[in-house]
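Dear colleague,

I am passing on a structure that you have not seen before, and I would be grateful if you could look through it with the notes that follow.

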Amino acid sequence: MTLVRTHDLAGGYRPGTDAITGVSFAAEPGEVIAILGPNGGGKSTLFRALLGELPHRRGTVELAGRPAYVPQTERARLDFPVSALDVALMGAYGRTPFYRRLDRTPGLEALARVGLEAQAGERFGELSGGQRQRVLIARALVQDAQVLLLDEPLSGVDAPSAASIEALFEELRGEGRALLVATHDVRQARAWQRVLCLHGRQIAFGVPGCLTPAVLQATYGGELVVLPDGTSAIAVEHHEH
Amino acid sequence: MLSDPITRRALLEVLILALALGPLGVWVLLHRQAYAAESMSHGLLPGLVLAALAGVPLVLGAAGGALVAAGAIALAARDERVGADLGVAVAVSTLFGAGALLALSPEVPPRLEELLFGDLLGISGADLLAAGGLAVAVGAALAAAHRPLALSAFDREAAPSLGAAPARWESALLVLLGVGTVAAAPGLGSLLLVALIIAPAAAALQLSRRLAPALAIAAGLAALAGVGGLALSYYADLAAGASVAMCAVAAPILARLAT
C-alpha cells in the first residue's frame with residue numbers, strides 16, 4: 001500500500017504564484033525519501049501541501065492518514081515552560097478530548113526510543129539542539145503516524161543525536177512507515193531509498209543513483225560547488241523562514 | 001478591615017478577577033500579546049465614557065469599547081504598509097484620545113478619574129455579579145483551551161499538524177482578553193486593569209519552570225496583590241485600584257530579585 005502519492009502537485013502561498021509545480025512522486029512503506037533542494041526550492045512548501053496547509057494547491061495528494069511533522073528545533077519556543085515529556089505528550093493532543101487526562105506512557109516510551117528517557121523531566125529549552133530535535137521526533141512518534149515529514153532533522157545536531165536519529169530512521173523503516181526528510185546532505189541522501197529533487201519544480205525523483213552532476217546542478221544551481229577532487233558540495237546559507 | 005462591607009465587596013471582586021486574570025495573563029505573555037492587552041484596556045475608554053454618558057452599567061460600555069478596540073487593533077495590525085506595532089499604536093492612541101475628549105466635554109458628568117482608575121470601593125452588586133460571570137467564563141474557556149493554546153504558543157509551525165490552528169487560537173485568546181478586560185474595567189479602570197493581567201503572570205513565569213504551576217501561581221499572586229492592595233488602601237488611606245496595581249507590579253520585581 002502506497003503511503004504518499006502526489007500527481008502534478010503545484011501551489012503556493014498567494015494565488016497565481018506557485019512555489020512548487022509538477023511534483024509527482026510516491027512513498028512506499030519502509031522508505032526514507034530525501035527531499036533535496038536549495039533554500040526556497042520548495043521543500044517546506046511541499047510539506048505544507050502534504051499537511052493540507054498550503055493556501056493554494058492544485059494536483060492530487062493521497063495520504064495514508066494524517067502525517068506527523070517534525071520542524072527544525074529552533075522554530076519551537078525555548079522559553080516555554082514545558083518539559084521534554086510535556087512536549088512528547090503534545091503528540092497525543094489531537095486524539096485526546098480536552099477533559100480527559102493524558103496517558104503519560106506513550107510519551108515516556110517515545111522518549112525512551114530516542115534515548116531521552118532520563119531527560120523526561122528536564123525543561124525543553126535547556127536541552128541541547130540535538131536532544132531537542134529528538135524530543136520533537138518523540139512527539140511525532142506519539143502521534144503514531146504512518147508518514148513522518150522531517151525538516152532538516154540532522155542539520156546542526158551533535159554527533160550522538162545524529163547517530164540516534166539515523167538509527168531510529170532504520171527502526172521506523174522496519175515498522176513500515178515512510179519518512180520524507182528535507183536535507184541538504186547529498187551524501188546522506190545517497191544512503192536512503194529515494195531522492196526527490198526540487199527547485200521550484202520537480203527536477204528528479206528516483207533511486208539515489210539518479211543524483212547525477214546534471215541533476216544536482218539543476219537542483220542547486222549557483223549553490224553547487226565542485227570541489228577539486230571532482231566531487232560536489234552544496235554551499236548552503238541557512239535563513240530564517 | 002473585613003468588618004467594612006464596602007471593603008468586603010471590593011475584596012470579593014478582586015479575588016474573583018484574580019482567579020481569571022492571573023492565568024489569562026500567563027497565556028497573554030506566552031503568546032506575546034502583552035501589547036495587545038495594554039492596547040485593549042486603553043482602547044475601551046470611549047465605550048466607558050459613552051456608558052457613563054448614557055447612564056448604563058459601565059460593564060456594558062466596556063464590552064462595546066472592547067469590541068471596537070479589538071476590531072481596530074485587528075485591522076490596524078494587518079496593515080502591512082505601516083507595520084503591526086505602529087498600526088496598533090495609532091489605533092489605540094486615537095481611541096484613547098477620543099475617550100478623553102468625550103470625557104472632558106462639559107456635558108459629561110465628572111467621572112473621568114473613575115473610568116481611568118476604576119472604583120473598586122464603589123462596586124455594586126450588579127458589577128460583582130457581572131465580573132463573577134465573566135471571570136468564570138474566562139477561567140472555564142482557558143481550561144478547555146489549554147492544549148491548543150499551549151501548542152500555538154510553543155510551536156506555531158507544527159501546531160496545525162497536531163490539531164491546533166494558531167491563528168484561530170490567538171484570536172480566541174484576544175476574545176478572552178477582551179472579556180477579562182470588560183470584567184475588570186469597572187473595578188480597576190481602563191489604565192490599571194492591565195497590571196493585574198500582566199504583572200502576576202510575569203512573576204509566575206519567573207518562578208515556575210512548568211506551565212500548570214505557573215498558571216496556579218499567577219492566580220495566587222494576583223489574589224495576593226488584590227488582598228495586599230486593599231489592605232494598603234484601607235490602612236494607608238490610598239486609592240484602592242492604584243494600591244492593587246502597585247502590589248501586582250511588585251510581584252515580578254520581587255520574583256526577579258528572588259530568582
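**Notes on the model**

A:Gly30 touches A:Arg173 and A:Gly176, where residues up to four places away in sequence are not counted and a contact means that two C-beta atoms, placed from the backbone, lie within 7 Å. Please keep in mind that this is a predicted model, in which local features need pLDDT of at least 70 and side-chain atom pairs count only at pLDDT 80 or more, while totals for chains, interfaces and linings use all residues. Residues are numbered from 1 along each chain as its sequence is written, and chains are lettered from A and ligands numbered from 1 in the order in which they are written.

To stay with A:Gly30, this residue lies in the loop between β2 (20-27) and β3 (32-36) of chain A, helices (H or I, at least four residues) and strands (E, at least two) being DSSP runs numbered from the N terminus. A:Gly30 has 15 other C-beta atoms within 10 Å and is therefore partly exposed; on this scale a residue is buried with 20 or more such atoms, exposed with 12 or fewer, and partly exposed in between. A:Gly174, found in helix α5 (residues 159-174) of chain A, counts as exposed because it has 9 C-beta neighbours inside 10 Å.

The contact between the chains takes 18 residues from chain A and 19 residues from chain B. On the side of chain A that touches chain B there are eleven nonpolar, three polar and four charged residues, with Ala, Val, Leu, Ile, Met, Phe, Trp, Tyr, Cys and Pro taken as nonpolar, Asp, Glu, Lys and Arg as charged, and the others, Gly among them, as polar.

In chain B, the axes of helix α1 (residues 5-30) and helix α7 (residues 125-144) come within 9 Å and cross at roughly 25 degrees, the axes being lines fitted to C-alpha atoms over the stretch in contact, with angles running from 0 to 180 degrees between N-to-C directions. α1(B) and α7(B) are therefore roughly parallel to each other, a term for angles under 35 degrees, as against over 145 for roughly antiparallel, 65 to 115 for roughly perpendicular and oblique for the rest. Among the residues that meet here are B:Leu17 and B:Trp27 in α1(B) and B:Leu142 in α7(B), and the residues of this contact divide into 13 nonpolar, two polar and two charged.

B:Trp27 is buried, with 25 other C-beta atoms within 10 Å, and beyond its neighbours within four places in sequence it is in contact with B:Leu142, B:Leu149 and B:Leu173.

Helix α3 (residues 45-54) and helix α5 (residues 84-104) of chain B pack at an angle of about 20 degrees, with their axes 7 Å apart, and are therefore roughly parallel to each other. The contact of α3(B) with α5(B) has ten nonpolar, one polar and no charged residues.

Finally, the largest nonpolar core has 169 residues, of which B:Leu17, B:Leu196 and B:Val244 touch the most other members; such a core is a set of buried Ala, Val, Leu, Ile, Met, Phe, Trp, Tyr and Cys residues joined through C-beta atoms within 7 Å. Helix α9 (residues 166-207) of chain B gives the most to this core, with 24 residues.

With best wishes
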